[in-house]
Amino acid sequence: PVQCPTRTWVVGWKKIKRALPVAVHGLSRAARGQRLAESRASVRHSRDRVEKYTMGRGEDGAETTSSRHVPLPATRWDGGPAGVDSHRLSVAPMLDCTDSHFRRLCRLLSKRTHLWSEMVNQDAVLYAHKTRPALLSHGTEEHPVTCQLGGASPSRLALASEIVVDEYGYDEVNLNCGCPSAKVVNKPDADKRFGAALMKDAELVGECLRRMKEAVDVPVTLKHRLGVRSGSGGLHDARGYDKESDTDGYHFVSNFVDTVHELSGVEHFIAHARCAVLGGLSTTGNRMIPPLRHEEVHQLALDFPKLGFSLNGGVETVDDALSHLRRGTVRGVMLGRAVYKNPAVLATVDRLIYGDCDGDRKERMAGEHEQLTVAAWPTDGWRVDDRWRERRSYFSLHDDGAADAAACVTRERVLRRFAGYGDAVLRQRVGELEKHPKALGEARGLCKALGGMSYGVRAGNRFKRDLEFGLQGWTKRLLAGEDAGGLSFSGLITSCVAGLGEQGVEDMRKDMENVLESEQRRRSLARGRKGGEDGNDGDDETLDAETCAAEY
């Protein structure tokens, strides 16, 4: 019998394994193979029943936050027109990732999540914003959105902040003191070093922020690490943690926060819960190797009750974010690479994090299968805001009176709606496409933003592969003299979705709040590995892996 603990089917499979040599003895090879296949099918059926029973539950069968949501308590930062503080959950700034295309994609999944731009250098804002307006351009539907600046000159940062707010209309300006890239922290000119290297000079950081606050009338914030250290000690030193270090430890970061707040008056700090290793580690290594120190961020919030702290680093799921927010200490939580890898994680944010009521979700999902053309969103289209430079909106997500103002429910809906936006973008870039048929810069940017929508979908790798093959086909057509106006981004997306096959399309049409079957398998394997560490012989997870490999 299959009952609550998922361990039941593991034990049952062990008994079947021990009985198999006796059961198949004397049978022909074909009959033996059929008997083994029947046994595996029986175990898979039992496991699926367990998965169905324990969906959204822990190992002991208790409900988790996904199945029974407890609303988050109100905080002192809530209020204003939006009601709930938008900083409860943010998508972290990621270079070459969180551009305007990706931010608009995120907005199709969540109307409330706080979005961030990529880090923009202070000099790029001052000298290139007129010749390259796409550097800072965004749409009204992206709000609330923060522009992150990088630099170390108080005067230039003040001018850049003024441009960002007065000419482009960003809701908030942030100073980066956490980037560990060698390109920014190892510059020969000390005046041009910024990122995590600035944490060594809290007085300079305070002066930069003070000048930025004086230049604009929107909130100014700081994103930083919990400390900095030299990478000369190698990998072992990066993995360690010296509480007595002069530049890495709780006493260092608490003094840093105290000094910066006293000099600048900044009240919101976004802390990446790791130290930054300057030299010796790549940016990827700095996101993975230094140990996480979430408790220090919570302690900062307790020691500085008048300030707000958002936690960044090591948060992979919405449930992880909820566990931090329910402690009532931090103002918000940031998700970074997890969102870029799988944007669908944002589908539950409005309901779980912001408490939005979504009672018509089933009705909207039913209608999505019937309306899968661009005509399903009649109010989408370019709208120019004359008050701001390069403020061009496309999605009508903030128009409460429009029928298509709600966030999308299925992955296919997101892709179809974003495809209409892609067509509108490419129509304005016809000359660029014909001039650079091999680069296809804007088209590749659109495809890059969409790449994560196939995460977890059966045969999902085909989606990215077909996107690349489709772009290569565009290049051949343009080189052959075809007009770029004949290229259809919607047609490309439609063909890529169809290329997933029947099972892949079925996954694309499922509610994004539901866990896909492949993700259920992955979680089952993870539990099997954990069970093996607790004393199981590990054979069960090997058979599971073989089953998954055969099915997917």
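Which residues of helix α20 (residues 489–498) are buried? I began my notebook with this point, keeping in mind that I am reading a predicted model.

**Helix α20**

I find that the buried residues of α20 are Phe 489, Ser 490, Leu 492, Ile 493, Cys 496 and Val 497. Looking down the axis of α20, I see these buried residues fall within an arc of 160°, so they line one face of the helix. I then looked up what covers them, and the list includes α16 (411–427), α18 (441–450), α19 (461–479) and α21 (501–508).

**The protein as a whole**

I stepped back to the overall picture and noted 23 helices and 12 strands in the secondary structure of the protein. The protein has 552 residues, of which 51% count as buried. For the contacts with a separation of 6 or more, I noted that residues 24 or more positions apart account for 74%.

**The open sheet**

I next traced an open sheet of eight strands, whose order is β1-β10-β9-β7-β5-β4-β3-β2 and whose pairing is parallel. Its edge strands are β1 (89–91) and β2 (115–121), each of which pairs on one side only. On average, neighbouring strands of this sheet are turned by 25° against each other, with direction ignored.

Two helices that pack on this sheet went into my notes. Helix α3 (residues 100–109) touches β1, β2 and β3 (145–150), and its direction makes about 170° with that of β2. Helix α7 (residues 202–215) touches β3, β4 (172–177) and β5 (220–225), and its direction makes about 165° with that of β4.

How many of the residues of β9 are buried? I count five of the five, so β9 is largely enclosed by the rest of the structure. Gly 308, Ser 310 and Asn 312 point one way from the strand, while Phe 309 and Leu 311 point the other way. I recall that side chains in a regular strand alternate between the two faces of the sheet.

On one pairing, β9 (residues 308–312) runs parallel to β10 (residues 332–335) over two bridges, and there I find Gly 332 of β10 as the bridge partner of Ser 310. On another pairing, strand β7 (residues 268–272) is joined to β9 by five bridges, again in the parallel sense, and Phe 269 stands opposite Phe 309 in β9.

**Aromatic rings**

The planes of an edge-to-face pair must be over 60 degrees apart. Both Tyr 394 and Phe 395 are buried.

Which residues do ring pairs link into a cluster with Tyr 394 and Phe 395? I find Trp 382, Phe 418 and Tyr 421 in that cluster. Around Trp 382 I also noted a charge, for the charged end of Arg 392 sits over its ring, 4.7 Å from the ring centre.

Conventions. Residues numbered from 1 in each chain as written. Predicted model: local features only at pLDDT ≥ 70, side-chain atom pairs only at ≥ 80, totals over all residues. Heavy atoms only, no water. Buried < 20%, exposed > 50% of the residue type's maximum accessible area, 1.4 Å probe, protein only. Phe/Tyr/Trp six-rings, centres within 6.5 Å; stacked < 30°, edge-to-face > 60°. Lys NZ or Arg CZ within 6 Å of the ring centre and 35° of its normal. Pairing = 2+ DSSP bridges. Helix = DSSP H or I, 4+ residues; strand = E, 2+ residues; numbered from the N terminus. Axes fitted to C-alpha atoms, helices over the stretch in contact; angles between N-to-C directions. Contact = heavy atoms within 4.5 Å. Arc of directions from axis to C-beta.
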